[in-house]
Amino acid sequence: MQLGPTFEADAIRVLRAIPELTVSQTHEPIPVADDMAPRVDALIMYGDTKTPVVIEFRSRVNPAVAHLIVNQAHVFRAPMVVVAGAMTSRAQGILAKAGIGSVDGLGNVRLDLPGLLMRITGAKRAKLYPPTTRLSGKSGLVAQAMLLDIDRSWHVSDLSRRCSVSTGLVSRILHRLEKEGVVRTCGAGPNKIRRLSNPSALLDLWAEEQHDPPFRRPAFALAQTTDHLITSLCAGLDRADVEYALTGAAAAARVAPFITNIPLTEVWLASTSDTREVVSKLGGRLLETGPNIMFLQERNDGPLTFRAREGGVWMVNPFRLYVDLRRDPRRGREQSDHLRREKIGF
């Protein structure tokens, strides 16, 4: 790779740390063909081929930054490569889907150029979670509220009441999202409002940062079919006056069918529910081997906050369902992608 004369030192260090790349720097500007204006930063050379590319350097790239880069990339007619000190795997995937290459300081490389396909996996992946505004737990409720009403303009106090969280937390989250190009601001002082400008970026950001592991309680109840199990389970929870929300593959099958075999029905329960008592009332039993029900609980009732009644059953909202599906090792990524296409739409 031959770099132009105006490269940042940090970007050069990232590139030179990749053993498979040979990096040199010229003191002369990289020649720019007329059809590749306005800029070319480097030449990637392999075999007899020299491909001019635009290099975008960022110290950190998360999904929100990746979406911002994708939205700005259309002005360049040369291929783009993003060089970053740290980049999350989800951000790399967003860039790759847009045809943008990436190199990061952890040794991860993804280049797809005419005649060149390079994939290098580094030792680890970055987790770029801001210490006070990671979109998880109560902070994740703010993301969900905005996603559920993407055309609304929000005052801080409106989001605070909607999510039952402090105005201070809402302000910090909105400040972060504004800096990352996810929301835009109008007005000032008490009249300041925020509006979601990139729903896809917010969903990707929340999906990546929502990593609070739930408490899992496997159980079994007799049922002839999965539909019968879901119907009898939810009816029993209603009779027992237990707050719940269906999620996972069982919920996805009701709103965006994708798979036919659902071995495990996942249900969020209120954080204060006694799982043993609930299972007893349902006539089932707790067990570790061969369960057909998985009861999930978090330290608070975030998963139930925006639940909705559909077809006589309480279900998590589509965005919470998307996030829950993504951590399911049984084809969860495929199901979540299908749900996003069919139900969410962005």
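Me: Leaving aside its neighbours within four places in sequence, with which residues is Ser-102 in contact?
Reply: The model is a predicted one, and Ser-102 lies in its strand β6. Once the neighbours within four places in sequence are set aside, the residues in contact with Ser-102 are Val-81, Val-82, Met-87, Gln-92, Leu-95, Asn-108, Val-109, Arg-110 and Leu-111.

Me: Does Ser-102 count as buried or exposed, and at what relative accessibility?
Reply: The cut-off for a buried residue is under 20% relative accessible area. Ser-102 falls under that cut-off and therefore counts as buried, its relative accessibility being 1%.

Me: Which residue has a side chain joined to that of Ser-102 by a polar contact?
Reply: Among the residues in contact with Ser-102 are Gln-92, Leu-95 and Asn-108. The polar contact between side chains has a length of 3.3 Å, and the partner that it joins to Ser-102 is Gln-92.

Me: Which residue in β7 stands opposite Ser-102?
Reply: Strand β6, residues 101-104, pairs with strand β7, residues 109-113, in the antiparallel sense, and two bridges connect them. Within β7, the residue that stands opposite Ser-102 is Arg-110.

Me: Which are the edge strands of the open sheet?
Reply: The sheet is open and mixed in its pairing, with eight strands in the order β2-β1-β3-β4-β5-β6-β7-β8. An edge strand pairs on one side only, and this applies to β2 (24-25) and β8 (116-120).

Me: What angle does the direction of helix α3 make with that of β5?
Reply: Helix α2, residues 63-72, lies across β4 (49-61) and β5 (80-87), and runs at about 140° to β4. Helix α3, residues 89-97, also packs on the sheet, where it touches β4, β5, β6 and β7, and its direction makes with that of β5 an angle of about 175°.

Me: Why are the buried residues of helix α1 on the same side of α1?
Reply: In helix α1, residues 9-16, the buried residues are Ala-11, Ile-12, Val-14 and Leu-15. They are on the same side of α1 because the arc that they cover around the axis is only 160°. The strands against which these buried residues pack are β1 (2-3), β2, β4, β5 and β6.

Me: What percentage of the residues in the protein chain is buried?
Reply: The protein chain has twelve helices and 18 strands, and its C-alpha trace spans about 75 × 50 × 30 Å along the principal axes. Of the 346 residues in the protein chain, the buried ones make up 51%.

Key
Residues numbered from 1 in each chain as written. Predicted model: local features only at pLDDT ≥ 70, side-chain atom pairs only at ≥ 80, totals over all residues. Heavy atoms only, no water. Pairing = 2+ DSSP bridges. Helix = DSSP H or I, 4+ residues; strand = E, 2+ residues; numbered from the N terminus. Contact = heavy atoms within 4.5 Å. Axes fitted to C-alpha atoms, helices over the stretch in contact; angles between N-to-C directions. Buried < 20%, exposed > 50% of the residue type's maximum accessible area, 1.4 Å probe, protein only. Polar contact = N/O pair within 3.5 Å; in protein donor to acceptor, adjacent residues only side chain to side chain. Arc of directions from axis to C-beta.
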